[in-house]
Amino acid sequence: MIKKDQIMRIVETYDLDKIAIATVCSHSSLQIFDGARKEGFKTIGICVKRPPKFYDAFPRAKPDDFIVVDNYQAIPLIAEQLVQKNAIVVPHGSFVEYLGTEKFIELPVPTFGNRNVLEWESDRNKEREWLEGAGIHMPKLVKPEEINGPVMVKYYGAKGGRGFFVAKNYQEFLENIEKTQKYSIQEFIVGTRYYLHFFYSPLKTEGYTLSTGVLEMLSMDRRVESNADEIFRLGSPRELEDAGIHPTYVVTGNVPLVARESLLPLIFELGEKVVEQSLKLFGGMIGPFCLETVFTDKLEIKVFEISARIVAGTNLYPAGSPYSDFIEPGLSTGKRIAQEIYLARKLKQLDKILS
């Protein structure tokens, strides 16, 4: 991994009055660009082959400049170009997945957040070590030959649910598993899925304070998955199986949510535990992260995954959510990222938020 002191030497060459925020033109880029512009930053869109035409339809979220690459693997070739433009890269799920973790952690461009989190987030065993070490309740791991009820089989990495499947016995697991990919098997928890969008600031001192810094909860969502969310209109699970129709879990969109207000103390407690453990393990997460959870009918919250960056569910709230409006009217996660960069520049503490 590129060392922090190397990144900060690059930052020393920057004209800090001309910082630009750059990201790949996908995932949550519209709100990242919109939020950056609202905070006075120039924006750079990284795209493949040619600038996507749909940005013309959204002038407030269209990047000021585009940098075109032949493919995502070529992004390291434009590192010097980004540095010359005083760019700070904001990662999102597509950015990391398309470029690949190994290339991303070596990218010689100042990046918002702590790249050390990738070692813990991308490996499901280390992710479990992190979350369970924080005292988080997770679905139990199941060995393939021990499957005797519904389990969720998930592949490593940010894949938007692609390839995930439910198996009820060992035979169903063998019929569906892609053996060339790393996977984990978790017990299937019956409940309602909530994706909780947090933001951790190592710079702020007022609010929901932690051992250092402040935790914010900006919004929530639920994912729309194809075809799992509609398939049962066609019949019972048994009838679907007999017809050779099986549910799939590819994310196609998102639905807004709010939780019972009485659950907010527990929700913040989960976020607090995860951040505090991250500070101990690898120096802390910085900025947005999402706890992917199931709320049960006993009002328990089980965490089955963490995404340690902005998630696409925040795209529901470019003008603020029912929660972020209590912090600042019209506050999106994209804008909140830009605010943290602005504050770090003002305090001369960019080293605390960049890697």
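Two strands are taken to pair if DSSP finds at least two bridges between them. In this predicted model, strand β5, which spans residues 151–155, meets that requirement with β6, the two pairing in the antiparallel sense over 3 bridges. Within this pairing, Val153 stands opposite Phe165 of β6. The two strands belong to an open sheet of 3 strands, arranged in the order β6-β5-β7 and paired in antiparallel fashion. Because β6 (165–167) and β7 (183–187) stand at the edges, each with a single partner strand, one side of each is left without a neighbour in the sheet. From one strand to the next, the twist averages 30°.

By class, the lining of the second largest cavity comprises 2 nonpolar, 3 polar and 3 charged residues.

In total, the model contains 3 cavities of 30 Å³ or more. The largest cavity has a volume of about 180 Å³, and of the 18 residues that line it, Pro91, Phe112, Gly113, Ala308 and Arg309 are the closest to its centre. The lining of the largest cavity divides into 13 nonpolar, 3 polar and 2 charged residues.

Among the open spaces, the second largest pocket contains about 220 Å³. Its lining consists of 13 residues, of which Ser28, Ser29, Leu30, Gln31 and Asn315 lie nearest the centre of the pocket. In the lining of this pocket, 6 residues are nonpolar, 6 are polar and 1 is charged.

Helix α2, which runs over residues 29–38, is mostly covered, with 7 of its 10 residues buried. These buried residues are Ser29, Gln31, Ile32, Phe33, Asp34, Gly35 and Ala36, and the contacts they make are with β1 (20–24), β2 (42–48) and α11 (333–347), against which they pack. Following α2 is Gly40, which has a positive phi, near 90°.

Key:
Residues are numbered from 1 along each chain as its sequence is written. This is a predicted model: local features need pLDDT of at least 70, side-chain atom pairs count only at pLDDT 80 or more; totals for chains, interfaces and linings use all residues. Side-chain values use heavy atoms; hydrogens and water are left out. Helices (H or I, at least four residues) and strands (E, at least two) are DSSP runs, numbered from the N terminus. Axes are lines fitted to C-alpha atoms, for helices over the stretch in contact, and angles run from 0 to 180 degrees between N-to-C directions. On a 1 Å grid over the protein atoms alone, a cavity is a set of points where a 1.4 Å probe fits but cannot get out, and a pocket is an open set with protein on both sides within 12 Å along at least five of seven lines; lining residues have an atom within 4 Å of a point. Grid points are joined across faces, edges and corners, and a volume is the space filled by probe spheres set on the points. Ala, Val, Leu, Ile, Met, Phe, Trp, Tyr, Cys and Pro count as nonpolar, Asp, Glu, Lys and Arg as charged, and the others, Gly among them, as polar. Buried means under 20% relative accessible area, exposed over 50%, partly exposed in between (1.4 Å probe, protein chains only). Contact means heavy atoms within 4.5 Å.
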